[in-house]
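User: I am new to this kind of model and would like to learn how to read it. Could you walk me through some features, one at a time?

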Amino acid sequence: MATNLVNLEAVGKVYGTRALLDGVSLGVNEGDRIGVVGRNGDGKTTLIRILAKLESADDGRVTHSGGLRLGVLTQHDSLDPEATVRHEVIGDLADHEWAGNAKIRDVLTGLFGGLDLPGFGQGLDTVIGPLSGGERRRIALAKLLIAEQDLIVLDEPTNHLDVEGISWLAQHLRARRSALVVVTHDRWFLDQVCTRMWDVQRGDVHEYEGGYSDYVFARAERERIAATEEVKRQNLMRKELAWLRRGAPARTSKPRFRIEAANELIADVPPPRDTAELMKFANSRLGKTVFELEDVTVQAGSKVLLKHLTWQLGPGDRIGLVGVNGAGKTSLLRALAEAARSQGERQPVAGRVVVGKTVKLAYLSQEVAELDPALRVLEAVQRVRERVDLGKGREMTAGQLCEQFGFSKEKQWTPVGDLSGGERRRLQILRLLMDEPNVLFLDEPTNDLDIETLTQLEDLLDGWPGSLIVISHDRYFVERTTDRVFALLGDAALRMLPRGLDEYIERRQRMSEAAAPAPAQAAAPKKAAAVNRAAQKELQKIERQLDKIGDKEAKLHAQIAEHATDFEKVAGLDAQLRELAGQREELEMSWLELAEEA
């Protein structure tokens, strides 16, 4: 029987006149991996702070097992600004000691992209004080994961991580023996990591078995039987059920309740989007041209981010844009937005952007636009428009759209200055949609939004007829709202990924394992397509050899991790790695020479 690590008995917590937790009793056992979900402000962070004894409860009791080794990642780190990354993460370990530790190597590579911390000016000897909030958060997470813990409590650990970092963290946490309690709005992450869910709602906490997909099914079934939720929320839940069952059938392999009831619940639910109908409507609103790029170069200062880019965004296209930080995702959207605002007069440093005459662009940037803090929420929306046409005969008033985005009738009279960061983000998206755009650029739209608000936004976008580009580290949101994925891999090129984000992760892993500069390898598929048949066969042959070497290297790395304390064994394995690196270098030089000749 699993040992109990933490126990909450009849815990209560009140802020002002509102009870965030009311008589909550829960337990965390060895091996538990628990995801905590709920609307912003419902008490998720308060619950885990009380669980970790960082905050006291008003009522009830919190008990920790004797000698519990507890690690907590809060939303505000306690790192010493005068210290170096080395001091905070590795401590006093000598280089040969930490470099021989498989866990430390894995954490540094996974969170920072390499043992030398590329991106940090002085590597491990970088002083923490001047670093950004996102960089400090990764350091705090690395420090936590390197230590040995019985229980890890994480509050929004995926914030400031890119798609690769989130994928690595999910894999790392699955492999750990520590119990886990995590608050996050990243639904893909919850599905990958968690085996139980806590849903914080109106002072109570409902428990569910399984990951996020299982939770959605079970909650919908529970609400269907109890009939306690209003029609609007039930319809949203049914729609997400249909997406999970049809759009991503492999997400859940072990549902723990009556599948028959869930299937009955969605029997009459159509696919989330009627793509053909939306494309037809988008064509009528936009015409044939939206954005066309001809031999475009995009720069940030003196740095060339994209060059010789020829690409088009057509009417009704729904594009997910992913890529390494600094590759030019936001810069590309800004270049398109500049061309649209100036009606084609402001162009990139090279090439040409053609903007359709009927394009009406709404651009949600990462910065929350400042509004008059004295304005009420409803007033801020009504200043854009009183009513909005959502297409296909659907129309909403400003008040109705506010309610759909979680602003109740009472909340609509709250001054903008009193809103939280997440609420301001919601209001910003709402105002954009009220202006009835036919092209949407969404740059990290999921920041600060809770899962219910994300679900409502996705539902709204399902029926929105127009062209859409989404930049997001939230894999679930990208897969849910877009039809195609394009990637910027840091080599100044844009390429479509037929298999979406899975293909992106695979490409990035191959690039990180390569000894030669990543851009040359990542560009291989596109260059190979342009050469003659004989050269293409030879290039593909070399690529297959490189893949085999990559597989061998991965196995050797796994063996090194397994025998990390056997330095003689590690030395032998390292010699094999160096031999493979030599073979890889020769093959890559051959590939480059062949590609250049072609």
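Predicted model: local features only at pLDDT ≥ 70, side-chain atom pairs only at ≥ 80, totals over all residues.

User: Is helix 1 largely enclosed or open, and why?

Analyst: First, the terms. Buried means under 20% relative accessible area, exposed means over 50%, and partly exposed is in between (1.4 Å probe, protein chains only). Accessible areas come from the Shrake-Rupley method with a 1.4 Å probe, and for residues only the protein chains shown count as cover. Helices (H or I, at least four residues) and strands (E, at least two) are DSSP runs, numbered from the N terminus. Now the case: helix 1 spans residues 44-51, and because 6 of its 8 residues are buried, it is largely enclosed by the rest of the structure. The buried ones are Lys44, Thr46, Leu47, Ile48, Ile50 and Leu51. Just after helix 1, Lys53 takes a positive phi of about 60°.

User: Which residues is Leu430 in contact with?

Analyst: Contact means heavy atoms within 4.5 Å. Leaving aside neighbours within four places in sequence, Leu430 is in contact with Val381, Leu401, Cys402, Phe405 and Phe407. Leu430 sits in helix 15 (residues 421-434) and is buried, at 0% relative accessible area.

User: How many salt bridges does a search of the whole structure find?

Analyst: Side chains of opposite charge can pair when their charged atoms come close. A salt bridge is a side-chain nitrogen of Lys or Arg within 4 Å of a carboxyl oxygen of Asp or Glu. The search finds 30 of them. One joins Lys143 to Glu88, with the closest N and O atoms 2.7 Å apart. Lys143 belongs to helix 5 (residues 133-146) and Glu88 to helix 2 (residues 85-89), so this pair ties together parts that are 55 residues apart in sequence. Lys143 is partly exposed at 38%, whereas Glu88 is buried at 10%.

User: What about Asp491 and Arg495?

Analyst: Their side chains meet in a salt bridge of 3.3 Å, N to O. Asp491 is buried, with a relative accessible area of 14%, and Arg495 is buried as well, at 6%. Elsewhere, salt bridges that share partners join Arg39, Asp199, Arg219, Asp450 and Glu452 into one network.

User: Which residues gather in a patch of positive charge on the surface?

Analyst: Patches are made of residues with over 30% relative accessible area and no salt bridge; like charges are joined within 9 Å, and nonpolar side chains (Val, Leu, Ile, Met, Phe, Trp, Tyr) within 5 Å. Lys and Arg count as positive and Asp and Glu as negative, while His and the chain ends are not counted. A charge is placed at NZ of Lys, CZ of Arg, CG of Asp or CD of Glu. Here the patch holds Lys541, Arg544, Lys548, Lys552 and Lys555. Lys552 lies in helix 21 (residues 533-562) and is partly exposed, at 48%.

User: Where is His308?

Analyst: His308 is in strand 11 (residues 303-313). Although not a glycine, His308 has a positive phi of about 55°, and at 58% relative accessibility it counts as exposed.

Notes
Residues numbered from 1 in each chain as written. Heavy atoms only, no water.
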